[in-house]
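Subject: The structure you asked about

Hi,

Here is the structure, ready for you to open and turn around on your screen. Have a look first, then read on for what turned up in it.

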Amino acid sequence: MSIINPRFEKLQRDMGFNHVEAGLLQDVALRQYFLPIDCVAYDWMHIYLVNGLYHHEATLLVSMLQKHCSGAKQKDLNDYFASFTWPKKLEAASATARDTFKKKAMESVKSSASEALSMFPVLRSFCSELPTKNAMILPALKSFYALCTVLELLKVVNECNVTSDSLRNAIQAHLNLFQECYGPDLLPKGHLSLHLPLQITCHKRLLSCFVHERRHKEVKRYANMLTNHTISDQTILQEVLLSHFVHLEEDLHLFGFNFVPPKPEVARFFMSHFGLDLKDVNSLLWSKQGPKGNHGDFVSIREPSCIAELWGHFQFKENFVSLVSPLEKVGKNKFQKKGSLIFVESTGIMGSVIYRNEAEDVIYVVPEQFEL
């Protein structure tokens with residue numbers, strides 16, 4: 001963070017501090033008041049997913065695959081990724097993990113943090129389906145699979161009470177395999193990753209900056225449009241606060257999604273299924289969007305344990321349920337549509353899956369860990 005505010009620079013001079021272009025953390029005079037080590041921690045999102053260990057290793061892996069493995073050229077990777085359907089909330093133009101390998105000239109694997117989190121299971125699936133795996137690429141595959149294990153743990157680190165020992169073992173196993181394959185040199189973030197288990201021990205959870213990073217867009221939304229103003233910070237803050245107050249006035253329900261009255265035929269189906277009195281139908285609301293899946297997605301469900309097609313979410317008074325169509329497992333990671341409909345608790349939906357269509361009514365689901 002560079003010091004660019006003139007009023008803050010004057011305050012520094014008045015207090016006898018030196019102006020440091022590199023930012024506050026490099027200002028030695030501030031150390032008597034502020035020790036960076038006391039309150040600075042690198043979160044796992046930045047270590048692995050923001051120009052981090054994942055992108056570095058994915059770039060090395062793809063380069064090695066293209067050199068030593070047939071069927072692993074950039075076009076092969078692009079075709080493989082394009083064959084899958086991503087969850088609806090990731091289909092927007094701002095989240096194009098599916099198009100990662102679409103660029104004609106690509107020197108490195110690049111993506112946003114959220115895209116990387118949805119992309120690594122597909123890249124792992126691609127590696128597992130390679131027709132031939134020669135000795136040259138086996139060390140690289142082992143290291144990448146170990147990296148995926150770390151990422152799977154980090155995805156559920158707070159929800160599933162991942163222990164510091166299990167995370168430490170996974171991180172150390174990955175770093176050892178990486179060095180065996182690519183040599184002793186590591187990115188500084190490789191060292192930072194070793195501090196994550198200690199953070200769990202000290203704080204019982206790991207924080208990440210996914211929400212903070214998304215909030216940057218709220219500021220940029222107005223800052224990019226403002227060209228005629230005298231006090232930029234104050235003007236932008238006014239716009240952001242006004243937008244925030246407008247959102248607070250919205251009537252939001254389950255996990256921030258807006259529920260509306262369903263169509264009459266849908267309402268009658270719901271009330272009849274649960275044996276409810278039609279005079280209470282005004283208490284019924286529904287939404288095509290939910291925290292873990294939207295209408296048309298295939299989702300992983302905790303109870304009953306299955307993959308299912310999601311149709312919608314319902315709120316009846318204080319109860320939340322979702323209408324799904326369970327699929328029957330017909331092979332390794334392959335599932336067939338059955339056509340039956342059931343209601344499940346909305347909180348039992350663990351997440352949307354990435355899939356591709358195989359034969360008629362059969363889908364292949366990318367292996368992904370939602371819970372331990």
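Before the first number, a word on accessible area: it comes from the Shrake-Rupley method, which uses a 1.4 Å probe. By that method the chain exposes about 21,700 Å², and carbon and sulfur atoms supply 55% of this area. Please keep in mind that you are looking at a predicted model.

**The overall picture**

The chain has 13 helices and 9 strands. Of its 372 residues, 40% are buried. If you take the contacts in the chain with a separation of 6 or more, 61% of them are between residues 24 or more positions apart.

Nonpolar side chains tend to be buried together in soluble globular proteins. Here the largest nonpolar core has 58 residues, and Y48, L49, Y54, L65, L167 and L196 have the most contacts inside it. Two or more residues of this core come from each of α3, α4, α5, α6, α7, α8 and α10.

Setting aside the neighbours within four places in sequence, L65 touches A72, F126, C127, L130, I137 and L141.

H55 is also worth a click. Which residues does H55 contact, leaving aside neighbours within four places in sequence? They are Y48, L49, V50, V109, K110, S111, S112 and A116.

**Helix α10**

Now go to residues 196–203, which make up helix α10; its buried residues are L196, P197, Q199 and I200. Looking down the axis of α10, you'd see these buried residues fall within an arc of 155°, so they line one face of the helix. What covers them? The cover includes α3 (44–49), α7 (138–155), α8 (164–182) and α9 (188–193).

**Salt bridges**

Side chains of opposite charge can pair when their charged atoms come close. How many salt bridges does a search of the whole structure find? The count is 9. Here are some to look up.

- D79 and K75: their side chains meet with 2.7 Å from N to O. Both sit in helix α5 (residues 74–82), 4 residues apart, which puts about one helical turn between them. D79 is partly exposed at 38% relative accessibility, while K75 is exposed at 59%.
- K88 and D297: the closest N and O atoms of this salt bridge are 3.9 Å apart. K88 lies in the loop between α5 and α6 (113–128) and D297 in the loop between β1 (284–287) and β2 (298–301), so the pair ties together parts that are 209 residues apart in sequence. K88 is partly exposed, with a relative accessible area of 39%, whereas D297 is buried at 3%.
- E358 and K334: this salt bridge has 3.6 Å from N to O. It links distant parts of the chain, with E358 in the loop between β8 (355–357) and β9 (362–365) and K334 in strand β5 (residues 334–337), 24 residues apart. E358 is partly exposed, with a relative accessible area of 32%, and K334 is partly exposed at 32% too.

There is also a network: R124, E152, K155 and E368 are joined by salt bridges that share partners.

**Helix α12 and the surface**

Last stop, the surface. L237, L241, F245 and L248 form a nonpolar patch there, with about 410 Å² of accessible area together. F245 belongs to helix α12 (residues 232–248). Is F245 buried or partly exposed? With 48% relative accessibility, F245 counts as partly exposed, because the cut-off for exposed is over 50%.

D233 is found in helix α12 as well. At 52% relative accessibility, D233 counts as exposed. The C-alpha atoms of D233 and A223 are 9.1 Å from each other, and the two residues are 10 residues apart along the chain.

Cheers

Conventions:
Residues are numbered from 1 along each chain as its sequence is written. This is a predicted model: local features need pLDDT of at least 70, side-chain atom pairs count only at pLDDT 80 or more; totals for chains, interfaces and linings use all residues. Side-chain values use heavy atoms; hydrogens and water are left out. Patches are made of residues with over 30% relative accessible area and no salt bridge: like charges are joined within 9 Å, nonpolar side chains (Val, Leu, Ile, Met, Phe, Trp, Tyr) within 5 Å. A salt bridge is a side-chain nitrogen of Lys or Arg within 4 Å of a carboxyl oxygen of Asp or Glu. Buried means under 20% relative accessible area, exposed over 50%, partly exposed in between (1.4 Å probe, protein chains only). The arc is that of the directions from the helix axis to the C-beta atoms. Contact means heavy atoms within 4.5 Å. A nonpolar core is a set of buried Ala, Val, Leu, Ile, Met, Phe, Trp, Tyr and Cys residues joined through side-chain atoms within 4.5 Å.
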